[in-house]
Structure formats: C-alpha cells, structure tokens
Amino acid sequence: MLKNEWGAKDPIKNGRSWESLPISLSAYYDTITIHHSGNAKNYMTIQQLQDKEQNDGYADIPYHFAIDSKGNIYEGRPIYIKGAHTAGANTSNIGIVLMSDLDYQNKGLSFEKFLVENYINGNGGASTAMRKSLTNLVSYLNSQYGIQYLGGHIEKINDTRYCPGDGGMKIVNYLRQKFNMQIPIKQ
Ligand SMILES: [Zn+2]
C-alpha cells in the first residue's frame, strides 16, 4: 500500500535526517535488514507506527517497508530516501519491519520490562500471511536491486535490543537460504 493509500502524514524534515539517494538504486542497494516493531504495542497499525517514530524524533518511518499480520505491505520511508533503521549502517541498506513482537525470549530487557512484555503485552508472532508477504517482498526487491546480504538488525549492528527477536531470526535464516543470500557484514 502506497503512502497516499494508507493516509500517511508528511515527513517532518526540519533538522531530521532525510537524504535523497543516487538515481541508480540498483547500483546502490545490496542489503536488506529485517526488524520487528517489538512490544511497544503489539500489532500496531501503520499509522501508529508512523506516529511513534515521528514522536521519537525521526522524520518519518525509519524503515522502507512495513508488513502487518494480515500480510499488507506498506510503503514507509520512500525507497529513494536513505533508511534510518540500523544506526550507523544504513548505507545501501533496505529496512523492512514486521509489525509484531517476535522476541519470544524477551532477550536484552531489564527484569521489569521482561515482566511487562512477557505477561502483560504478550508476544505477537508472525502470521502465515505476514511471512508470505515478506517472502514476496524480498523476492521482488532482489529482482529490482540485486540483493547480496540479508540479515536481522542484530546481525548488522550490535544493539541492546534483540531485534527482530528469536522468531524473526528464524524467518531471516529461512529467507537467506531460500534466496541464497549472505549474512551481512557487521558494522
Ligand atoms: Zn530493529
């Protein structure tokens, strides 16, 4: 779904990162990084995701694509704008977020947060429709840009949060094998 179809707000560009990319995106992109939205709100809507990220100081959704539990694929940050999803490692890197909490083990959380996420918010999981749409999207992006590396957020950079969670990493490993892609070089 394109941004005008899901009712996106305009990007907030003043003072926030918003970098146009080279014309030849197929020469530019070689990596896909998979994220999950985590447990701020399980199964958040695309509008809630944009609000959250803009409140957190981003110009727009930091990921290029978002996929919900029904398998809808949403345009996030336009593909011709540099992503803001993997701190310090966004060059040549397409970001996709699965809008669910896929961290069943709730790794990297304080005990207090662990309790909230494990017992109050719960874990969402990835529906069949979500996984199918992700597979189709990766296939499409590979045909458009020629993707060499595909990985989870924590494979690309070290982070305190275990993104996209143990459930998300299973999906990453499946996709990597299916499309014969490599583990990204950690930055
Ligand atoms: Zn992430």
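Val172 touches Ile34, Leu150, Gly151 and Gly152, leaving aside its neighbours within four places in sequence. The model is predicted. Val172 sits in helix α7, residues 165-178. Is Val172 buried or exposed? Val172 counts as buried because 23 C-beta neighbours lie inside 10 Å, and the cut-off is 20 or more. Lys186 comes 14 residues away along the chain, and its C-alpha atom is separated from that of Val172 by 15 Å.

**The chain as a whole**

The chain holds 7 helices and 5 strands. Their order along the sequence is α-α-β-α-β-β-β-α-α-β-α-α. The C-alpha atoms fill a box of roughly 45 × 40 × 30 Å along the principal axes. How does the radius of gyration fit a compact globule? For 187 residues, such a globule would have a radius of gyration near 16 Å, and the chain has 16 Å, which agrees. Of the 187 residues, 40% count as buried. Now take the contacts in the chain with a separation of 6 or more: residues 24 or more positions apart account for 75% of them.

**The sheet**

The 5 strands form an open sheet. Their order in the sheet is β3-β2-β4-β1-β5, and the pairing is mixed. Which strands stand at the edges? They are β3 and β5, and each has a single partner strand, so one side of each is left without a neighbour in the sheet. The twist averages 20° from one strand to the next.

Strands of a sheet pair through backbone hydrogen bonds, either parallel or antiparallel. Strand β1 (residues 31-36) pairs with strand β4 (residues 93-98) in the parallel sense, over 6 bridges. Ile34 stands opposite Ile96 in β4. Ile34 is also one of the contacts of Val172. Helix α5 packs on this sheet and touches β1, β2, β3, β4 and β5. The direction of α5 makes about 170° with that of β4.

**Two helices compared**

An α-helix has 3.6 residues a turn, so residues three or four places apart point the same way.

| α3 | 46-55 | Ile46, Leu49, Gln50, Glu53 | 95° |

Start with α3. Its buried residues are Ile46, Leu49, Gln50 and Glu53. Why do they lie on the same side of α3? They cover an arc of only 95° around the axis, which puts them there. What covers these buried residues includes α1 (3-6), β2 (65-67) and β3 (73-75). Just after α3 comes Gly57, with a positive phi of about 105°.

Notes:
Residues are numbered from 1 along each chain as its sequence is written. This is a predicted model: local features need pLDDT of at least 70, side-chain atom pairs count only at pLDDT 80 or more; totals for chains, interfaces and linings use all residues. Helices (H or I, at least four residues) and strands (E, at least two) are DSSP runs, numbered from the N terminus. The radius of gyration is taken over C-alpha atoms; the globule rule is 2.2 Å times the number of residues to the power 0.38. A residue is buried if 20 or more other C-beta atoms lie within 10 Å of its own, exposed if 12 or fewer, and partly exposed in between; C-beta atoms are placed from the backbone. Two residues are in contact if their C-beta atoms, placed from the backbone, lie within 7 Å. The arc is that of the directions from the helix axis to the C-beta atoms. Two strands pair if DSSP finds at least two bridges between them. Axes are lines fitted to C-alpha atoms, for helices over the stretch in contact, and angles run from 0 to 180 degrees between N-to-C directions.
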